[in-house]
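Q: I would like to go through this model step by step. Could we start with the terms and then turn to the fold?

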Amino acid sequence: MGIVEKTLTIDGKKVTFKSTAGTLRRYRNQFGRDFFADIVKMMPLMQLYESGIDTNELDYSILKQLDFSVFENIMWALAKTADKSIPDPDEWFDSFDEFPIMEILPEIQDLITSSIQTVKKK
């Protein structure tokens with residue numbers, strides 16, 4: 001897996017998200033959950049984004065099947081990978097007045113995808 005990084009402005013703050021091999025361990029160590037298993041839970045929504053659907057057109061039946069804590073956990077792990085000074089997840093999320101998950105997710109989808117892809121050796 002190559003290192004992939006992206007900086008977004010969230011609630012007026014620059015937040016860098018980064019994906020490395022360490023992201024997977026950081027996720028497991030912080031949340032006690034398997035990154036890959038949780039990514040599978042997100043696949044229906046990620047596939048909708050890939051198809052170009054407008055978030056305003058999302059069917060409630062799809063949204064109610066999703067565990068939004070998985071999104072939050074992944075976003076924190078990606079941000080913590082980029083900036084080791086980020087505090088624990090509750091404190092970090094409390095530092096934002098707004099954290100529009102549905103707007104951020106499409107922006108970091110490539111980071112999530114890079115976390116689960118295998119790099120082929122030439």
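This is a predicted model: local features need pLDDT of at least 70, side-chain atom pairs count only at pLDDT 80 or more; totals for chains, interfaces and linings use all residues.

Q: What share of the residues in the protein chain is buried?
A: Buried residues account for 37% of the 122 residues in the protein chain. The accessible surface of the chain is about 7,200 Å², and 47% of that surface belongs to carbon and sulfur atoms.

Q: How many helices and strands are there, and in which pattern?
A: The chain has six helices and two strands. Along the sequence they follow the pattern β-β-α-α-α-α-α-α.

Q: What share of the contacts joins residues at least 24 apart?
A: Taking contacts between residues at least 6 apart in sequence, 69% join residues at least 24 apart.

Q: Turning to the core, how many residues has the largest nonpolar one?
A: The largest nonpolar core has 28 residues, and Phe17, Ile74, Met75, Trp92 and Ile108 are those with the most contacts inside it. Two or more residues come from each of β1 (4–10), β2 (13–19), α1 (21–31), α2 (35–50), α4 (68–82) and α6 (101–116).

Q: Which element gives the most?
A: That is α4, which gives eight residues to this core.

Q: And Ile108, what is it in contact with?
A: Beyond its neighbours within four places in sequence, Ile108 is in contact with Leu8, Phe17, Met75 and Leu78.

Q: Is Gly12 buried or exposed?
A: Gly12 is exposed, because its relative accessible area is 69%, and exposed means over 50%.

Q: What about Thr16, which residues does it touch?
A: Thr16 is found in strand β2. Not counting residues up to four places away in sequence, Thr16 touches Glu5, Lys6, Thr7, Leu78, Ala79 and Ala82. A polar contact of 2.8 Å joins the side chains of Thr16 and Thr7. The C-alpha atoms of Thr16 and Glu5 are 7.0 Å apart, and the two residues are eleven apart in sequence. Thr16 is partly exposed, with a relative accessible area of 25%.

Q: Let us move to α1. Which residues are buried in it?
A: Thr23, Leu24, Tyr27 and Phe31 are buried in α1. Seen down the axis of α1, these buried residues fall within an arc of 100 degrees, so they line one face of the helix.

Q: Why would such a spacing put residues on one side?
A: An α-helix has 3.6 residues a turn, so residues three or four places apart point the same way.

Q: Which residues are exposed on the other side of α1?
A: Ala21 and Asn29 are exposed there.

Q: Finally, what is found at the ends of α1?
A: Thr20 caps the N-terminal end of α1, with a side-chain oxygen 3.1 Å from the backbone nitrogen of Gly22. Just after α1, Gly32 takes a positive phi of about 65 degrees.

Terms used:
Residues are numbered from 1 along each chain as its sequence is written. Side-chain values use heavy atoms; hydrogens and water are left out. A nonpolar core is a set of buried Ala, Val, Leu, Ile, Met, Phe, Trp, Tyr and Cys residues joined through side-chain atoms within 4.5 Å. Buried means under 20% relative accessible area, exposed over 50%, partly exposed in between (1.4 Å probe, protein chains only). Helices (H or I, at least four residues) and strands (E, at least two) are DSSP runs, numbered from the N terminus. Contact means heavy atoms within 4.5 Å. Accessible areas come from the Shrake-Rupley method with a 1.4 Å probe; for residues, only the protein chains shown count as cover. The arc is that of the directions from the helix axis to the C-beta atoms. A polar contact is a pair of N or O atoms within 3.5 Å; within protein, one must be able to donate a hydrogen and the other to accept it, and residues adjacent in sequence count only if both atoms are side-chain atoms.
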